[in-house]
Amino acid sequence: MNLGPYSFLALFAVAGVAFAIAPLALAWLWARVFSPRKSGPSKNANYECGLDSQATGWVQFQSEYYLYGIVFLVFDVEVVFLLPFAAAFKGLSAGACVAMLIFVLLLVEGLVWLCVKGVVARK
Amino acid sequence: MIDEGLRTELSRQGVVTTTLQELYNWGRKSSLWPLQFGLACCAIEMIATSMARFDIARFGAEVFRPSPRQADLMIVAGTVTKKMAPQIVRLYNQMPEPKYVIAMGVCAISGGPFKEGYNVLKGIDRYIPVDVHIPGCPPRPEALLQALMTLQDKIDKQPLTGDNRPPHLDASAPGEFPIPAFGQHDLEPPNNPALWQPPPMTRAE
């Protein structure tokens, strides 16, 4: 019987799926025959710290968090890239310097935007 | 069921025979993952048990899980204050079946030196079923290992079917235990009546 050169791929696919499903099926069978499901309100609770769950996990985060995201990006990413930039400054070519300055300019743009918005202003 | 004599004879010849029950119990007792929490000084001994000198990993119980969803064994290591008791019961409820409890130290089993106090629970077995009690203040790591081996023996003897089967295989056994609430003077209820009843008081004449 000639099944063509790629028939072993189908064989592998079947074997792979069976390998994945067999333990799940065994576990299901075991639960069915021996071990009954025991569910309850505290077992299904959100928190695992022992305290009573106060609300559901489906809460809305305030959209103002994007400001913190931008501040984080400006300062954190800047530091991450500026330190190696400063360390390798002497050996850099003019092109690399200009590229780095453009990158910093992009981030400073965010800082300027935040300043205009009054986020970093001292109150 | 295979005959015991035939079985020893087979194992002498190098043929290992087993049953589903033994395989299941062997698997469970060899990987008891404890819940990672400590309540008082007994926890220090529990930590010492998990370190290299005593090495609880020899018994397959070194994987302390920070989540009750992944733990099989609750080691109540230390004084259970009344403020902490509801949290302990809730954590026990959140552990998946099968689950076991070792009450470590006199505080966990009876309140210990604080038994006469107003704020310490007089034994965690008032709210959750305890499998092994270890006395001591605090118990040595060897005592905890002994308790673990005792628990492993207990697991090894648990039947898969029949009336003596453990609660996790019994659909009618409760999966969750009621969590006590803070009352005006004491926890409400002061104990789980299905698990623990106060000993009857008789007046000596």
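Reader: In which element is the place of Ala87(A)?

Author: Ala87(A) belongs to helix H2 (residues 65–87) of chain A. Helices (H or I, at least four residues) and strands (E, at least two) are DSSP runs, numbered from the N terminus. This is a predicted model: local features need pLDDT of at least 70, side-chain atom pairs count only at pLDDT 80 or more, and totals for chains, interfaces and linings use all residues. Residues are numbered from 1 along each chain as its sequence is written, with chains lettered from A and ligands numbered from 1 in the order in which they are written.

Reader: Does Ala87(A) count as buried or exposed?

Author: A residue is buried if 20 or more other C-beta atoms lie within 10 Å of its own, exposed if 12 or fewer, and partly exposed in between, with C-beta atoms placed from the backbone. Ala87(A) counts as exposed because it has 9 C-beta neighbours inside 10 Å. From Ala87(A) to Arg122(A) the separation is 35 residues in sequence and 32 Å in space, C-alpha to C-alpha.

Reader: Where does the kink in H1(A) lie?

Author: The bend at a residue is the angle between axes fitted to the seven residues ending there and the seven starting there. In H1(A) a kink of about 30° lies at Ile21(A), shortly before the proline Pro23(A).

Reader: How many residues of chain B are in contact with chain A?

Author: Two residues are in contact if their C-beta atoms, placed from the backbone, lie within 7 Å. By that criterion, 16 residues of chain B are in contact with 12 residues of chain A. On the chain B side, 6 are nonpolar, 6 polar and 4 charged; Ala, Val, Leu, Ile, Met, Phe, Trp, Tyr, Cys and Pro count as nonpolar, Asp, Glu, Lys and Arg as charged, and the others, Gly among them, as polar.

Reader: Which elements does chain B have?

Author: Chain B has 6 helices and 5 strands, in the order α-α-α-β-α-β-α-β-α-β-β from the N terminus on. Of its 205 residues, 34% count as buried.

Reader: In what order do the 3 strands of the open sheet in chain B run?

Author: Strands of a sheet pair through backbone hydrogen bonds, either parallel or antiparallel. Two strands pair if DSSP finds at least two bridges between them. In chain B the order is E1-E2-E3, with parallel pairing. The edge strands, E1 (73–77) and E3 (132–134) of chain B, each pair on one side only. E1(B) and E2 (residues 100–104) of chain B are joined by 5 bridges, including Leu73(B) with Tyr100(B) and Ile75(B) with Ile102(B).

Reader: Which residues of E1(B) point one way, and which the other way?

Author: In a regular strand the side chains alternate between the two faces of the sheet. Leu73(B), Ile75(B) and Ala77(B) point one way from E1(B), Met74(B) and Val76(B) the other way, and all are buried. With 5 of its 5 residues buried, E1(B) is therefore largely enclosed by the rest of the structure. E2(B) is covered on both faces: Tyr100(B), Ile102(B) and Met104(B) are buried on one side, Val101(B) and Ala103(B) on the other.
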